[in-house]
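User: I would like to learn how to read salt bridges and helix packing in a model. Please take me through a case.

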Amino acid sequence: MTRRGAVAALLLASLIWGVTFPLIKLVLPFVSPLVFNAARFLLATLIVFPALRGLSRQELRAGAQLGLLLVGGFTVQTIGLTLTTPSRSGFITGLYVPLVPVVAFLLHQHRPRPTAVLSVAIAVGGMYLLTKPAEVGGGLNLGDWLTLGAALLFAVHLVLVANFARAYSLTRLLSVQIVTAAVVSIALLPLDSAPHLAWTPLVVGVILFEAVFATAIALRLQLAAQQALTPTHAAVIFASEPVVAAVASLLLLGERLSPLQWVGGCAILVGMVLPEVGEGDATVTEP
C-alpha cells in the first residue's frame with residue numbers, strides 16, 4: 001500500500017469509528033447493550049473465521065487476551081452510551097491515546113517521556129471542561145466513568161498489541177480477538193437484566209454496519225495503513241475520530257456542544273497527539 005493509500009485507509013477507518021457513536025446511541029432504545037455487542041461480534045466472526053487457518057497455540061493465547069480486553073472495552077463503552085452523549089463518549093474514549101504511555105509504565109516500567117505526562121494532564125483538563133462541571137448536573141456522570149474505563153481497557157489493549165505484533169500474524173491475532181469477543185459477548189447475555197432486540201430496519205442496519213464496517217473492515221484498514229505510516233502520522237489521523245463523532249452527533253441527533261465543551265474536546269485532541277511528537281519513524285510490519 002502506498003503512503004497516500006494508507007492515509008486514505010486510516011481516514012476512512014477513523015470516519016467509520018467516529019460515526020458509530022451516534023449510530024449506536026440511535027438504536028440503544030430498541031436493543032440492550034449486551035445483545036447488541038453479541039450480535040455485532042457474532043456476525044463479524046462469520047467474516048474473519050477463514051483467517052484463522054494456520055493458527056498456532058501461541059497466537060490463540062495472545063489473541064484471546066486481546067479479545068477479552070476488546071470485548072470488555074466495547075461492552076463498557078456501549079453501556080456507557082446509554083447514560084451519556086455520543087460526543088462526550090467519543091472524546092472521552094479518545095483518552096486511550098495519552099493513557100498508553102501510562103499503561104506501558106505500569107506494565108513494563110517504561111518511564112514515560114515528559115510530553116506523555118503533559119499530554120495526560122492536558123487531556124484530563126479537557127475532559128473536565130467537556131463534562132460541563134459548572135452546570136447543574138454537570139461533571140462526570142456514570143456513563144462518562146464507564147467510558148473512561150473503556151478508554152483504559154483500550155489503552156491496555158494497544159500496549160499488548162505492540163508486544164504481540166512483533167511475534168505473531170496481525171491478521172490472525174485480530175481474527176482471534178473478534179471470535180473471543182463473540183464468545184464472551186454471548187456468555188455475558190444471562191447477565192442482561194432486560195435483554196431485548198427489536199428487529200427494526202434501523203437496528204438491523206446498524207448491527208450490520210458495526211459488524212462489517214466498524215469491526216471487520218475498519219480493523220483491516222488500520223492494519224494495512226499502520227504498515228506504511230509512522231506512529232506520529234497515524235496518531236494525528238486517529239485524532240479525527242472524536243471530531244467525527246461530534247459532527248455526526250450534530251447531524252444525526254442534533255446534539256450541540258457549548259464553546260467551552262469544544263475547548264475541552266480540542267484539549268483532549270492535543271493530549272492524543274502530543275505523546276507521538278518526536279517518536280521515531282519506524283513502521284510496523286506484519287509477521
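The dialogue below takes up salt bridges and then a helix pair.

Analyst: This is a predicted model, where local features need pLDDT of at least 70, side-chain atom pairs count only at pLDDT 80 or more, and totals for chains, interfaces and linings use all residues. Residues are numbered from 1 along each chain as its sequence is written, and side-chain values use heavy atoms, with hydrogens and water left out.

User: How many salt bridges does a search of the whole structure find?

Analyst: A salt bridge is a side-chain nitrogen of Lys or Arg within 4 Å of a carboxyl oxygen of Asp or Glu. The search finds three. One of them joins Glu59 and Arg172, with the closest N and O atoms 2.9 Å apart. Because Glu59 lies in helix 3 and Arg172 in helix 8, this pair ties together parts 113 residues apart in sequence. Helices here are DSSP runs (H or I, at least four residues), numbered from the N terminus.

User: Is Glu59 buried or exposed?

Analyst: Buried means under 20% relative accessible area, exposed over 50%, and partly exposed in between (1.4 Å probe, protein chains only). Glu59 has 5% relative accessibility, so it counts as buried. Arg172, at 23%, is partly exposed.

User: At what angle do the axes of helix 3 and helix 8 cross?

Analyst: Two packed helices are described by the angle between their axes and the distance between the axes. The axes of helix 3 (residues 57-81) and helix 8 (residues 170-188) cross at roughly 55° and come within 7 Å. That makes helix 3 oblique to helix 8; angles under 35 degrees count as roughly parallel, over 145 as roughly antiparallel, 65 to 115 as roughly perpendicular and the rest as oblique.

Methods:
Axes fitted to C-alpha atoms, helices over the stretch in contact; angles between N-to-C directions. Helix = DSSP H or I, 4+ residues; strand = E, 2+ residues; numbered from the N terminus.
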